[in-house]
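Have the sequence and the model at hand as you read.

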Amino acid sequence: MTKRGCFTLLLLALAIVALRILFGCFFAVYQTEQVIITQFGKPVGEPITDPGLHFKLPIIQEVNRIDKRFLEWGGQPVAIPTRDKTYIHVDTFARWRISDAKTFFVRLRDERSAQSRLEDILGSETRNAVAKNDLIEIIRTDKDRKPLRDENLKNVQTGLGTIGVLPPIQYGRQKIEDEIKAKAAGKLAEFGIDLLDVRLKRVNYNPDVLDRIYQRMISERRQIASRFRSEGEGEAARIAGRKERDLNEIQSTAYRQVQQIRGEADGKATEIYAQAYTQNAQAAEFYNFLKSMETYRKVLTRDTTLVFSTDSDLFGLLKRANAKPQTLPPAR
Amino acid sequence: MPNQPPAIQTFQMPQMPRIPVRLIATVVVIALLIGLAWTSYYTVQAESEGVVLRFGRFLKTVEPGLHFKLPFGVDQVTVLPTRRQLKLEFGFFTPGYTNIDQPAREDAEEKSMVTGDLNAALVEWVVQYRIDDPKQYLFDVRNPGQTLRDLSEAAMREVIGDRTVDEVITIGRQDIEVAALAQMQELAKRYMLGIRVDQVQLKNVNPPAEVQASFNEVNKAQQDRENAINIANGDYNQAVPRARGEADQAIRGAEGYRFKRVNEAEGDVASFNAMLGQYVKAPEITRTRLYLETMGDVLSGAGEKIIIDDTMRNLLPILPLTKNPLEKR
């Protein structure tokens with residue numbers, strides 16, 4: 001039993017060592033990575049990019065795993081003055097990939113040193129690009145875009161023409177990003193790094209300039225507000241004027257029509273009368289007589305004192321009974 | 001047994017603990033069996049899809065349900081919620097999220113933007129997305145969620161940067177959503193995220209707090225303008241239709257007058273003509289009759305009547321002095 005015990009122990013130990021060596025021959029390459037085999041620290045053969053189970057020499061060869069995916073780089077926000085001397089905070093990010101694992105491994109060895117290299121290169125390229133462009137070039141992208149105008153603000157004119165107007169640009173954000181990318185890509189290629197994209201994530205005003213920006217925004221808004229008020233007053237005055245005009249037009253037109261109609265009526269009546277009274281000499285004479293009689297009735301009232309001569313037609317008979325009452329003289 | 005040789009005193013080995021090989025073997029086997037059972041099945045939830053790797057290499061994707069795999073880490077499974085609509089919040093966060101990429105991490109910085117007319121604005125938005133290619137999502141990009149956040153921010157700023165503050169705050173919201181969505185979809189494809197961006201929704205969009213008051217003033221001024229116009233229109237509407245009615249009234253009145261005048265004239269003429277017809281037959285006597293009739297009516301109604309002889313030349317001495325009209329002056 002004792003001998004057998006020793007033997008068993010030895011066997012177990014051997015088995016463990018054998019297993020260890022056996023397992024040391026195999027390694028899995030994950031779908032997201034590539035592997036560089038090093039022998040005493042020196043890379044051996046080409047990087048293994050094919051995922052799955054792979055073989056190596058145990059103990060003397062080592063597995064170095066390197067990411068194959070697109071990796072992120074997020075720069076620290078930096079305060080940079082633009083060409084037109086506005087301080088802004090720029091926050092960039094980039095996507096990159098280890099395209100040449102061997103070069104990468106030799107020159108940088110791990111991702112941490114890669115990140116700091118990226119920070120150096122992209123940081124300085126960003127700074128250069130921002131510093132040689134005006135702020136508006138970094139903000140805007142599409143130089144042909146025409147902004148929508150608020151119907152309400154359509155007529156608002158401002159001294160500087162800034163409200164509702166996009167200042168013109170020459171290059172735009174996209175071009176600046178492309179330029180940063182192009183410059184950095186060349187430098188990063190030496191490290192086996194492939195740069196997919198660089199973008200300006202956040203561009204914000206430095207707190208020191210914000211006050212000035214706010215002041216400008218406030219004055220712009222005030223301008224619009226007074227514009228609205230004055231528009232309201234103007235429109236109200238216009239309406240009041242229209243009211244005055246319409247009233248005058250309506251009233252005078254009506255007056256004209258009334259006078260016209262009345263005139264016509266009077267004319268017509270006169271014509272009718274005249275036609276009747278002048279149809280022949282007798283009619284005219286009769287009319288005269290009738291009208292005289294009518295007038296007497298109207299004129300001679302209760303408080304009239306009448307003085308008659310006995311010579312008159314009416315009272316002729318008072319003086320002489322035989323006096324022949326004269327017939328009235330024929331009317332003229 | 002007397003002639004039995006004395007018991008040989010065997011050399012006693014130092015007492016070693018007896019190795020319970022059998023026990024160890026049993027325990028190991030049981031542990032292996034449990035481990036085997038434990039690591040050889042998995043379930044995929046209804047809203048998800050499973051991605052299976054064998055020795056680290058992509059093998060297949062599997063549908064929801066119970067599945068088996070090779071144990072002890074040979075097969076590895078990652079379950080992704082591919083059928084669930086996921087969202088990212090920018091500039092704000094609602095508590096109770098399950099997706100770790102969802103809430104805004106630096107909300108103040110995220111929502112602060114510069115517009116194309118160099119004004120400042122605070123923009124909050126939401127991005128709805130879905131994992132539509134689990135293989136790409138897992139294997140082509142590290143941290144796809146964070147990448148999507150970064151590119152969403154860049155895309156939104158690019159869109160806002162091409163718009164005026166008025167477009168951003170009031171009139172251009174829909175336009176911004178559409179443009180940002182297109183931009184994000186294009187970038188998500190370029191970055192091989194395996195993500196499909198479904199929707200971009202703007203939430204609160206405000207001017208910075210410091211200038212908010214002046215923006216409100218503009219709204220107020222706009223109301224004032226409408227108000228002034230309404231009042232003026234009210235005055236107009238109060239006066240003009242009434243004047244129109246009155247004008248019509250005057251015209252109708254005149255028309256009535258015309259009828260009256262013409263009808264009266266025609267009536268008078270008709271009556272005159274009738275009388276004339278009779279008069280022509282006996283002019284002298286008709287005249288006398290009418291004259292005397294009139295005199296009779298008139299004189300009976302008149303005041304004092306004085307009849308004098310035609311030889312008397314002076315009228316004055318007869319008139320009573322009190323009735324002298326000169327005295328009344």
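A salt bridge here is a side-chain nitrogen of Lys or Arg within 4 Å of a carboxyl oxygen of Asp or Glu. Between chain A and chain B the count is 19 salt bridges.

Before going on, a word on the ground rules. The model is predicted, so local features need pLDDT of at least 70 and side-chain atom pairs count only at pLDDT 80 or more, while totals for chains, interfaces and linings use all residues. Residues are numbered from 1 along each chain as its sequence is written, chains are lettered from A and ligands numbered from 1 in the order in which they are written, and side-chain values use heavy atoms, with hydrogens and water left out.

Now step back to the whole interface. In chain A, 120 residues are in contact (heavy atoms within 4.5 Å) with 113 residues of chain B. Together the two chains bury about 10800 Å², 62% of it on carbon and sulfur atoms; buried area is the accessible area (1.4 Å probe) that two parts lose on being put together, summed over both. Arg202(A), Arg221(A) and Phe286(A) supply 7% of the area that chain A buries against chain B, more than any other three residues.

Aromatic rings also meet across the chains. Rings of Phe, Tyr and Trp (its six-membered ring) pair if their centres lie within 6.5 Å; planes under 30 degrees apart count as stacked, over 60 as edge-to-face and the rest as tilted. By this rule there are nine aromatic pairs over all chains. One of them is edge-to-face and joins Tyr287(A) to Phe272(B), with 6.0 Å centre to centre and 80 degrees between the planes. Ring pairs also link these two residues with Tyr273(A), Tyr277(A), Phe286(A) and Tyr279(B) into a cluster. Buried means under 20% relative accessible area, exposed over 50% and partly exposed in between (1.4 Å probe, protein chains only). Tyr287(A) is partly exposed at 24% relative accessibility, whereas Phe272(B) is buried at 4%.

Finally, look at charges over rings, which require NZ of Lys or CZ of Arg within 6 Å of the ring centre and within 35 degrees of the ring normal. The charged end of Arg262(A) sits over the ring of Tyr257(B), 3.9 Å from its centre. Likewise, the charged end of Arg242(A) sits over the ring of Tyr236(B), at 4.7 Å.
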